[in-house]
Amino acid sequence: MREILERGERSFSFEFFPPRDEAGEQQLWDAIRALEPYRPSFVSVTYGAGGGTRDKTVSITSRIARETSLTPVAHLTCVGHTRAELQRILDTYAAEGVQHVMLLRGDPSEGPRAEWTPTTGGLTYAVELVELARSRGDFRIGVAAFPEGHPSAYSLDADADVLVAKAKAGAEFAVTQMFFRASDYFGLVERVRDRGVDIPIMPGIMPILNLNAIRRQGELIGTDVPADVVARISAHEGDPAAMRAQGIALAAELCEELLAGGAPGLHFYTLNRSKATLEVFAALNVTV
Ligand code: FAD
């Protein structure tokens, strides 16, 4: 990531999640293949809250490393794992040729706003996982960042302190939670720079294709959907195609504002589909 940015290039990246079944797997690989020509600096694969998809993060990132030209970033969370288990998973990533990892605390099974209790013998905060990975091998480490603050952070300043601590522990880049006001992103960047830390912070872009679902998710994770955004999409109530087009237009406008204001790139939450990202690229005149 740093090398790409130091060459003066913009970073585009795409996030996927491990699918539950074969149809989902096909959809994921179709999306990966459709987005591959855009030469993203990385593609990341999330780590599930529990159950069967966790192993899939390992197998999908290994396959991306083996079979495509892409750089996979494997997510890993502290949820439900002891330190020894986390060490083993990190070692597996390294053995499979996955050198880039996105290290997170994860959320309680009751959701992001529930009280967090670490697993016995496990880790409490993402910063400890960053330290563990640094002690385990030559990983390039990404971490989460929150333009509107993590929902359980005391203040925006305390939230910035956490990101700074993760950078000082060895994280090389950060990716943000979804957000819809460029000013929230620039505020976070300013707080981090004021603390003397220059970690690249990739804005996480989620085009609004289903307003109600995004508002529900936003309430859980602490992302506000601004009234003007709601109004522009709701104006097309009853016309799903127009609502979708408005969601894409809003995402493209946000991307333009972010890039014009100095964001080092864009990270797209793809939901394992390429269509919305390609529509935003078309609006931004990004070509292969
Ligand atoms: P942390 O950095 O540990 O922060 C968690 C909370 O603890 C914050 O309120 C922080 O302010 C506080 N805190 C941190 N350190 C300290 C400290 N030393 N002292 C006191 N307070 C502290 N979830 C998944 O389950 N799987 C995924 O793959 C996944 N990918 C994600 C990718 C991105 C880009 C983002 C933004 C989020 C992702 N999440 C994922 C969700 C993430 O796990 C949650 O947002 C989680 O609540 C916070 O994770 P974190 O890594 O930021 O935790």
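In this report Ala, Val, Leu, Ile, Met, Phe, Trp, Tyr, Cys and Pro count as nonpolar, Asp, Glu, Lys and Arg as charged, and the others, Gly among them, as polar. The model is predicted: local features need pLDDT of at least 70 and side-chain atom pairs pLDDT 80 or more, while totals for chains, interfaces and linings use all residues. Residues are numbered from 1 along each chain as its sequence is written, and side-chain values use heavy atoms, without hydrogens and water.

On a 1 Å grid over the protein atoms alone, a cavity is a set of points where a 1.4 Å probe fits but cannot get out; a pocket is an open set with protein on both sides within 12 Å along at least five of seven lines, and lining residues have an atom within 4 Å of a point. Points are joined across faces, edges and corners, and a volume is the space filled by probe spheres set on them.

The second largest pocket has 22 lining residues, with Arg 10, Phe 12, Tyr 38, Arg 39 and Pro 40 nearest its centre. Its lining draws at least two residues from each of β1 (11-16), α10 (240-260) and α11 (275-284); helices (H or I, at least four residues) and strands (E, at least two) are DSSP runs, numbered from the N terminus.

There is 1 cavity of 30 Å³ or more. Among the residues lining the largest cavity are Phe 146, Met 178, Phe 179 and Ile 221.

| Space | Volume | Lining residues by class |
|---|---|---|
| Largest cavity | about 40 Å³ | 5 nonpolar, 4 polar, 1 charged |
| Second largest pocket | about 450 Å³ | 11 nonpolar, 5 polar, 6 charged |

Now to the rings. Those of Phe, Tyr and Trp (its six-membered ring) pair if their centres lie within 6.5 Å, with planes under 30 degrees apart counted as stacked, over 60 as edge-to-face and the rest as tilted. The model holds 8 such aromatic pairs. Phe 179 and Tyr 185 are stacked, because their planes meet at 15°, with centres 5.9 Å apart. Tyr 185 also pairs with Phe 186, at 5.2 Å and 75°, so this pair is edge-to-face.

How accessible are these residues? Taking buried as under 20% relative accessible area, exposed as over 50% and partly exposed as in between (1.4 Å probe, protein chains only), Phe 179 is buried at 0% and Tyr 185 is buried at 2%, whereas Phe 186 is partly exposed at 26%.

Elsewhere, ring pairs join Phe 12, Phe 14, Tyr 38, Phe 268 and Phe 281 into a cluster.
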